[in-house]
Amino acid sequence: MSHRTTDELPQGKQVKRFGLIWRIAHLSFALSVMLLILTGMAVFYADTTWAPVIMQAFGGPKTAGIVHRTSAAIMLSIFFMHLIGVATNIARNWKTFRWFGPDSLVPNWQDFRDVYGMFRWFLGKGPRPVFDRWTYWEKFDYWAVFWGMAIIGSTGMMLAFPNVTASLFPGWVLNVATIVHGEEAFLAAVFLFTVHFFNNHFRPDKLPPPDVVMFTGSVAIEEFKREHPAQYARMVRGGSLKKHLVDNPPRAFTLGSKILGLTLIAIGLMLLVLVVTGFISASTK
Amino acid sequence: MPEIKKLTGRAIQLAAFVSAIFLVNSLAALPASARPLSAAQTLDNERCLSCHATDQAELKTTSAGPLRGINRDKFGSSVHGEMRCIACHQDITDAATPHLKGAGKKADCIACHQELWETAKQEKLTAEKARLGVVVNNIETYKNSFHARPNKEDKTHVNATCDDCHDTHSFNVPPQGTSRRTEWHLTIPNVCGEKCHSDELEEYSTSVHGKQVLGEHNSKGAVCIDCHTTHGIANTSRDTFKISITENCGGCHAENLKSYRSTYHGQVNKLGYGYTAKCYDCHGSHPGDPASKVHPNNRLKTCQKCHKEATQGFVTFSPHANTHDFEHYPQVWIVSRFMWALLAWVFAFFWLHTGLWWYREARDRKAHKNHPERRKKIP
């Protein structure tokens with residue numbers, strides 16, 4: 001039944017998934033995080049052969065420190081602007097907004113059922129779960145940023161302003177902040193460049209990388225139907241699919257997005273190699 | 001007037017040089033048998049020691065000061081003990097007082113040792129004469145050191161020559177692991193301190209290292225070269241020194257170096273920049289009382305040397321905290337374990353998730369099960 005609906009759709013259309021501002025936010029967020037990882041890991045893994053090379057390229061730890069803090073300021077402002085954006089959106093739809101509904105990023109019971117269903121599917125014991133607008137791993141990616149901002153952001157601030165920190169707290173707080181900042185950044189970096197990359201770019205269904213939906217903003221109907229069948233069905237039932245259809249993005253735009261996506265993936269994988277070599281050399285010492 | 005004097009001096013030097021060449025050439029032209037024995041060739045070591053040996057009643061004093069004394073036994077047992085004096089002192093041609101300096105070279109450790117090593121290389125005896133290679137390496141290191149640079153007060157001299165530290169007439173570094181080596185090691189503070197670095201020696205002798213070495217003759221106590229290095233010694237204001245000093249202290253204080261390396265101070269230092277706190281910035285360099293700068297009462301002042309606005313909490317910050325000592329650093333211990341557990345669980349879950357997903361999706365694709373119309377139900 002569903003594929004009959006598809007056949008009736010006009011060709012050359014895509015489904016809109018991310019608005020322009022969200023895409024810009026994602027891109028600047030990604031770039032600032034990568035700069036933070038590069039400058040931060042060069043200090044965290046100072047013992048490696050690559051770290052002094054990175055430091056010299058930046059012109060020394062003082063400049064790298066400025067780059068690190070500037071990137072942090074960019075990253076945190078994007079995060080807070082996002083908070084304002086989300087709050088405005090919810091406030092505007094206050095009466096109709098369903099906190100645990102399919103358009104909300106708030107985790108619900110269905111997410112836990114989906115995790116269970118996915119593992120059953122992995123083991124060949126059940127069908128592949130069908131997802132609505134937000135899958136549980138997308139929700140995890142989203143909320144992980146909140147955790148990361150709170151933990152890495154707050155400890156980073158403590159380390160950036162040690163005089164203030166040490167006038168409010170005992171000195172061991174700085175010791176603890178150093179450890180938490182570094183370990184949490186390691187977690188974030190490795191998670192992004194393995195799990196996030198796999199989920200969105202390197203799964204067999206997504207090959208070859210990159211998935212450009214976060215750069216073009218829209219996704220081919222076929223793929224959308226495959227990745228978010230519940231949402232698709234919901235749209236068809238409610239008659240709102242047409243509202244979400246957009247023209248295929250211009251060829252040059254798609255090509256540019258692919259180049260951008262591949263570049264970011266390449267940088268991310270290079271950073272992953274640096275972090276992993278750092279981890280290995282630190283733990284074999 | 002001074003110009004004319006200078007010119008006259010130059011002219012005399014030139015004349016002396018030309019006549020020396022002429023003399024050497026004319027001698028070389030004669031067949032060996034017909035050549036008269038030169039004064040230098042008759043100068044054997046006994047002849048030299050008849051004036052220079054320290055076992056005489058008293059060394060004579062000439063217009064240039066007392067004669068350089070040579071300890072006959074020490075020279076005999078030194079690595080150069082088999083050599084003739086004039087093998088190095090090629091400019092000495094007579095036994096007169098003062099010596100009439102000839103055209104030969106003055107004693108030149110560097111040129112001689114480099115030549116020896118070149119010869120060893122040509123004869124393919126580098127393995128047998130490995131020690132000569134070490135000396136040549138040391139020479140190369142020395143050439144870039146602070147000691148090899150011209151002295152500030154007297155630019156015609158370098159800060160220190162080989163002889164200043166090694167006493168070439170008794171030079172014999174005993175093999176490692178011997179008791180003689182231990183004794184030799186214990187003399188180092190005096191070698192550095194007595195002639196040149198007397199203020200440092202005075203400070204050092206009151207320090208924990210100095211008390212160990214000079215007072216208790218404990219060879220495990222650090223002497224000058226353990227921290228400052230030997231041939232490559234650098235001015236303490238240079239980054240090369242500031243970066244190597246932490247490794248040198250860490251050679252003994254390994255655990256402290258390790259904890260230092262896990263702080264920003266140590267990380268930046270490791271990256272090759274000397275501006276963050278190094279061992280001596282907090283602990284002093286040749287301190288009288290090692291506790292004084294890091295004692296809780298003085299600590300804030302020590303921090304404020306670099307952190308001008310440092311506040312009270314700096315006193316209780318642990319620049320050498322580690323993650324395995326619960327007794328001293330309980331908060332660090334707890335937090336590090338929490339973080340490791342968090343990382344382990346997150347990665348365990350998601351990598352398992354990723355691995356299984358890869359496996360299942362790849363299998364489904366092979367079986368062409370990925371098409372949406374083949375999916376079972378859509379709610």
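Is A:D205 buried or exposed, and what is its relative accessible area? A:D205 is buried, with a relative accessible area of 7%; buried denotes under 20% relative accessible area, exposed over 50%, and partly exposed the range in between, with a 1.4 Å probe and protein chains only.

The model is predicted, so local features need pLDDT of at least 70 and side-chain atom pairs count only at pLDDT 80 or more, while totals for chains, interfaces and linings use all residues. Residues are numbered from 1 along each chain as its sequence is written, chains are lettered from A and ligands numbered from 1 in the order in which they are written, and side-chain values use heavy atoms, leaving out hydrogens and water.

**Chain A**

Chain A contains 13 helices and three strands, taken as DSSP runs numbered from the N terminus (helices H or I, at least four residues; strands E, at least two). The C-alpha trace of chain A spans about 65 × 40 × 40 Å along its principal axes. Of its 285 residues, 46% count as buried.

**Salt bridges**

Over all chains there are 23 salt bridges, each defined by a side-chain nitrogen of Lys or Arg within 4 Å of a carboxyl oxygen of Asp or Glu. Three of them are tabulated here.

| Salt bridge | N to O distance |
|---|---|
| A:R234 and A:D103 | 3.4 Å |
| A:E227 and A:R203 | 2.9 Å |
| B:R365 and A:D205 | 2.8 Å |

The side chains of A:E227 and A:R203 meet in a salt bridge. This pair links distant parts of the chain, with A:E227 in helix α10 (residues 221-227) and A:R203 in the loop between α8 (172-202) and α9 (213-216) of chain A, 24 residues apart. A:E227 is buried at 10% relative accessible area, and A:R203 is buried at 1%.

B:R365 forms a salt bridge with A:D205. B:R365 lies in helix α18 of chain B and A:D205 in the loop between α8 and α9 of chain A, so the pair joins two chains. B:R365 is partly exposed at 32% relative accessibility. Through shared partners, salt bridges join A:R128, A:R203, A:D205, A:E227, B:E361 and B:R365 into one network.

**B:R360**

B:R360 is found in helix α18 (residues 330-366) of chain B. B:R360 is buried yet has no salt bridge, the nearest side chain of opposite charge being B:D364 at 4.0 Å; Lys and Arg count as positive and Asp and Glu as negative, with His and the chain ends not counted. The side chain of B:R360 reaches the backbone oxygen of A:W121 at 2.9 Å.

**Aromatic pairs and cysteines**

The whole structure holds 31 aromatic pairs over all chains. Rings of Phe, Tyr and Trp (its six-membered ring) pair if their centres lie within 6.5 Å; planes under 30 degrees apart are stacked, over 60 edge-to-face, and the rest tilted. The rings of A:W94 and A:W99 have centres 6.0 Å apart and planes at 85°, so the pair is edge-to-face. A:W94 is exposed at 55% relative accessibility, whereas A:W99 is partly exposed at 39%.

There are zero disulfides over all chains, a disulfide being a pair of cysteine sulfur atoms within 2.5 Å. B:C162 is in no disulfide, and the nearest cysteine sulfur, that of B:C109, is 4.1 Å away. The sulfur of B:C192 is 3.8 Å from the closest cysteine sulfur, in B:C224, too far for a bond.

Definitions and conventions:
A polar contact is a pair of N or O atoms within 3.5 Å; within protein, one must be able to donate a hydrogen and the other to accept it, and residues adjacent in sequence count only if both atoms are side-chain atoms.
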